[in-house]
Amino acid sequence: MEKKKTFYITTPIYYPSDNLHIGHAYTTVAADAMARFKKLTGHEVWFLTGSDEHGQKIERSARERGETPLEYVDKIVAGFKHLWSSLNISNDDFIRTTEERHKRVVQKFFQKLYDQGDIYKANYKGWYCTPCETLWTEARLEEGNCPDCGRPVEPLEEESYFFKMSKYADRLLKYIEDNPDFIQPTSRRNEMVSFIKSGLEDLCVSRTTFDWGIPVPFDEKHVIYVWVDALTNYISALGYDEENDALYQQFWPADIHLVGKDIVRFHTIIWPILLMALDLPLPKQVVGHGWVLLDSGKMSKSKGNVVDPLVLIDKYGVDAIRYYLLREMPLGADIIYSEEALVHRINVDLANDFGNLFNRTCAMVNKYFKGQLKPPSDPEGPDGELLDLARTTPAEVEELMERREISNALAAIMRLVGRANKYLEETAPWALAKDPEKQERLNTVLYNVAEVLRFATVMVSPFMPGLPGRAWPLLGIEDKPQLHTWESLVWGKLPGGTVLKRGEPLFPRIDPATLGEE
Ligand code: ME8
């Protein structure tokens, strides 16, 4: 048997300093859609997410609440896991940086860099942004504040270990030039290239003024810098440098690190250089997506404007929320979240277009043929255009997903759904039904639309994984898994004799007047 191609995708490991909001949910849902899509199209997939539990920020938050850091993060991490299961996330593993399996790998990693002379001790004098967990030299500050988030920084002077990052700058630049897909989208790549060209400083990789972290193995009064600790999760979770490293052997290098644009720099400069220093393969691609913003700017607990995904799931259903996020966010761009836009998207695409195509089709097949379709006759009239679109859409979706354009991939699927709705208007089965001589034509028209619904359901399944379970019974093929696969998207596989059922609407229309009601 041919060996399946592998696909390893990761999300950032989130800080358990607070509960997650709709922005974090976007990253994980997008990674999940990519993972599921690759699985559907025949890959061996490993999908990793987790929590980044060390560092000064977490230690402070725990102290403010009178808890130990571990007591504090345990509760929040349980919330992360609950959110991911509520969002139907199919991760294969969840790594916590407080786990022994992670700490061991980080310490060995650090020790190797030290042993080969890439880490040295010096005095650090600079500035620290605690929310970003980032050290800055005076020259990089913008008006005295953190150049990333604009918040105030704190002076820092301590004895630290440094990693010789500057030594590898030219090699990294060459790698980025030789691998134009390494940083996506291109706008992010350009930013990173100019950041490197402006000069890389050596990286301060240990701290002594707090102790919530992984100890430096050869000097225990230092803890390892939280970003070095965190980035290593992508290989520690695979068992790199451990006795059982089968997952590492199978899945590294990662195909995609999906991250928000705020942390592209860590993933495309610090992380590849750390790997390069140890002669390890670099991730194939880092995709930096945009932000989910609110009218009032970025979501933050202190502004009290955080959108809780669990509330939305309760209200609108998980598939609708996933669809909204994935359809709305073009690769690399920001979106402004509003509940009005969410409801509008659900009503237009899912209730009026997709759900309605199901309702109309199942209702007509039941009314005219007591539910049972027969094999179609030869195509005529507008059939050709519909069939052509159905035949070409899967390849188009695959190509768009390869370009990481999730929103466009969904738009392509919805174009087929929209075309089928238009086809019903053009062929007017309700008029054909009145003519006893047109019964064969009526069957063909309804068969074609039912087959489009099968195609569309298979194609949207990675994005709305809850949908197929509700849709297959309506199409009468819940017990025919061979018709749910990507390979089954060959026109005409829906068997004649299939019995379609009527059911509850898949996506009930939401009355915009109910907006804001809990
Ligand atoms: O940065 N819109 O964790 P974090 C879209 N622990 N995405 C958003 C968002 C928004 N408004 N807000 C957050 C960390 N995100 C580190 C990562 S990885 C080795 C360590 C998403 O909890 C986005 O993906 O601050 C961003 O990169 C991530 O959450 C940051 O999560």
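How many residues surround the ligand, and which are the closest? Select the ligand in this predicted model and display what lies around it: 20 residues surround the ligand, and the closest are Tyr-14, Gly-23, Thr-27, Asp-52 and Gly-260. If you then colour the chain by element, you can see that β1 (6–14), α1 (22–40), α7 (226–231) and β12 (256–260) are the elements that each give two or more residues to this shell. The largest share, four residues, comes from α1. Colouring the shell around the ligand by class instead shows twelve nonpolar, five polar and three charged residues.

Finally, move to helix α5 (residues 169–178) and helix α10 (residues 264–277), which pack at an angle of about 110 degrees with their axes 10 Å apart. Because angles of 65 to 115 degrees count as roughly perpendicular, α5 and α10 are described as roughly perpendicular to each other. To see where the two helices meet, select Arg-171, Leu-172 and Tyr-175 of α5 together with Ile-269, Pro-272, Ile-273 and Met-276 of α10, which make the contact. By class, this contact of α5 with α10 has six nonpolar residues, no polar residues and one charged residue.

Conventions
Residues are numbered from 1 along each chain as its sequence is written. This is a predicted model: local features need pLDDT of at least 70, side-chain atom pairs count only at pLDDT 80 or more; totals for chains, interfaces and linings use all residues. A residue is near a molecule or strand if its C-beta atom, placed from the backbone, lies within 6 Å of it. Ala, Val, Leu, Ile, Met, Phe, Trp, Tyr, Cys and Pro count as nonpolar, Asp, Glu, Lys and Arg as charged, and the others, Gly among them, as polar. Axes are lines fitted to C-alpha atoms, for helices over the stretch in contact, and angles run from 0 to 180 degrees between N-to-C directions. Angles under 35 degrees count as roughly parallel, over 145 as roughly antiparallel, 65 to 115 as roughly perpendicular and the rest as oblique. Two residues are in contact if their C-beta atoms, placed from the backbone, lie within 7 Å.
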